[in-house]
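Here is a short briefing on one protein model.

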Amino acid sequence: MTKISETAFLVNYLRSKNKELSGDIYSDLWIEETTSELAEEFQREINPLESYQLSLRHRFFLEWVKKAIAQGVERVINVGAGFSTYTHLVEPPIPTCDVDYQHIVAYKAQKLKEFETKKLIPHREIVFLPTDLNNSKSLDKMKEQLKKWVITEKSLAILEGITYYLNKQQLDRVFNVLSKIQSKGSLIAVLYWKPDAIDNSVFKKWIPFAKKNYSYDPTGYTYLTKGYFEELDGYHIVDFATYFDLEKRFAKNNRIRKNNDNVFPEDFVVLEKVR
Ligand SMILES: C[S@@+](CC[C@H](N)C(=O)[O-])C[C@H]1O[C@@H](n2cnc3c(N)ncnc32)[C@H](O)[C@@H]1O
């Protein structure tokens, strides 16, 4: 049994250390003490730039949510949502569907109610779809539910920190489901790992850490290439970025090397449905 879902606590904790950059003003709400120690160890021993990197990553998706709304998108489908709360961070809010494991969506739904009652967070319209994306039947069910939720409206699907956890066949199916339910003008914003990630020094340190703390072997990740997205039927690429690019977009620092070899080598792509 892996503990992949616990990475949602980890990324949230590290994001909370850099709210100005990430824009995630609610990240403090999801901090758990046990995760904090592990996250600190992770940042100290594996990747000193992790909080910075995760904040750039969140900012990328947040800016795309805003841009999508400005382009007439009316629904967000957050796949592998964890504790990200984009609809809470934008005005006007956008109806959102969170897809994640049953225990994560149940925990999140209950906590959001608590936070709302305590007036720590505003109310938002969120539909929770408990799904195991690596399970075909569960994915079929998600497709049927999404079809009813997104009718003709343009949507933005977010895949932040999830593609590599899915086996390739299921990941292909996720994109297939999206292409079936999305209308023309809809968007998909994705973060993915390339096959050469395995040569990256930060990634090499991450392998034993993930095995020990998450019972998970990152060498089994599913990798993708830009070419994969170029060939997705019915979509074209409207944005592409590395962390080096994101630093130029959102921060005035110079911490990330051009070839991204001092950070996790994740790339970002945004696709628009053209037919
Ligand atoms: C690294 S976290 C990212 C969370 C969030 N997107 C973010 O960036 O803050 C990965 C998320 O994917 C979810 N996840 C991983 N494998 C999954 C699967 N097979 N089905 C559904 N959710 C999954 C985990 O539960 C977790 O919430």
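The protein has 10 helices and 7 strands. The model is a predicted one. Its 275 residues would give a radius of gyration near 19 Å in a compact globule, and the protein's 18 Å agrees with that.

**Overall build**

- The C-alpha atoms fill a box of roughly 45 × 45 × 40 Å along the principal axes.
- Buried residues make up 40% of the 275.
- Take the contacts between residues at least 6 apart in sequence: 75% of them join residues at least 24 apart.

**Helices α6 and α7**

- Helix α6 covers residues 136–149, and helix α7 covers residues 168–181.
- Their axes come within 10 Å and cross at roughly 15°.
- That angle is under 35 degrees, so α6 and α7 count as roughly parallel to each other.
- The crossing of α6 and α7 is right-handed.
- On the α6 side, L139, K143, L146 and K147 make the contact.
- On the α7 side, the residues are Q170, R173, V174, V177, K180 and I181.
- By type, the residues of this α6–α7 contact are 5 nonpolar, 1 polar and 4 charged.

**Helices α4 and α10**

- Helix α4 spans residues 50–70, and helix α10 spans residues 243–250.
- The two axes come within 10 Å and cross at roughly 75°.
- This angle falls in the 65 to 115 range, which means that α4 is roughly perpendicular to α10.
- Helix α4 brings Q53, L56, R59 and F60 to the contact.
- Helix α10 brings Y243, L246, E247 and F250.
- The residues of the α4–α10 contact divide into 5 nonpolar, 1 polar and 2 charged.

**Residue P130**

- P130 sits in strand β3, which runs over residues 126–130.
- Which residues does P130 contact, leaving aside its neighbours within four places in sequence? They are Y101, Q102 and V105.
- P130 and K67 are 63 residues apart in sequence. In space, their C-alpha atoms are 27 Å apart.

Definitions and conventions: Residues are numbered from 1 along each chain as its sequence is written. This is a predicted model: local features need pLDDT of at least 70, side-chain atom pairs count only at pLDDT 80 or more; totals for chains, interfaces and linings use all residues. Helices (H or I, at least four residues) and strands (E, at least two) are DSSP runs, numbered from the N terminus. The radius of gyration is taken over C-alpha atoms; the globule rule is 2.2 Å times the number of residues to the power 0.38. A residue is buried if 20 or more other C-beta atoms lie within 10 Å of its own, exposed if 12 or fewer, and partly exposed in between; C-beta atoms are placed from the backbone. Two residues are in contact if their C-beta atoms, placed from the backbone, lie within 7 Å. Axes are lines fitted to C-alpha atoms, for helices over the stretch in contact, and angles run from 0 to 180 degrees between N-to-C directions. Angles under 35 degrees count as roughly parallel, over 145 as roughly antiparallel, 65 to 115 as roughly perpendicular and the rest as oblique. A crossing is left-handed if the near helix is turned anticlockwise from the far one by less than a right angle, and right-handed if clockwise. Ala, Val, Leu, Ile, Met, Phe, Trp, Tyr, Cys and Pro count as nonpolar, Asp, Glu, Lys and Arg as charged, and the others, Gly among them, as polar.
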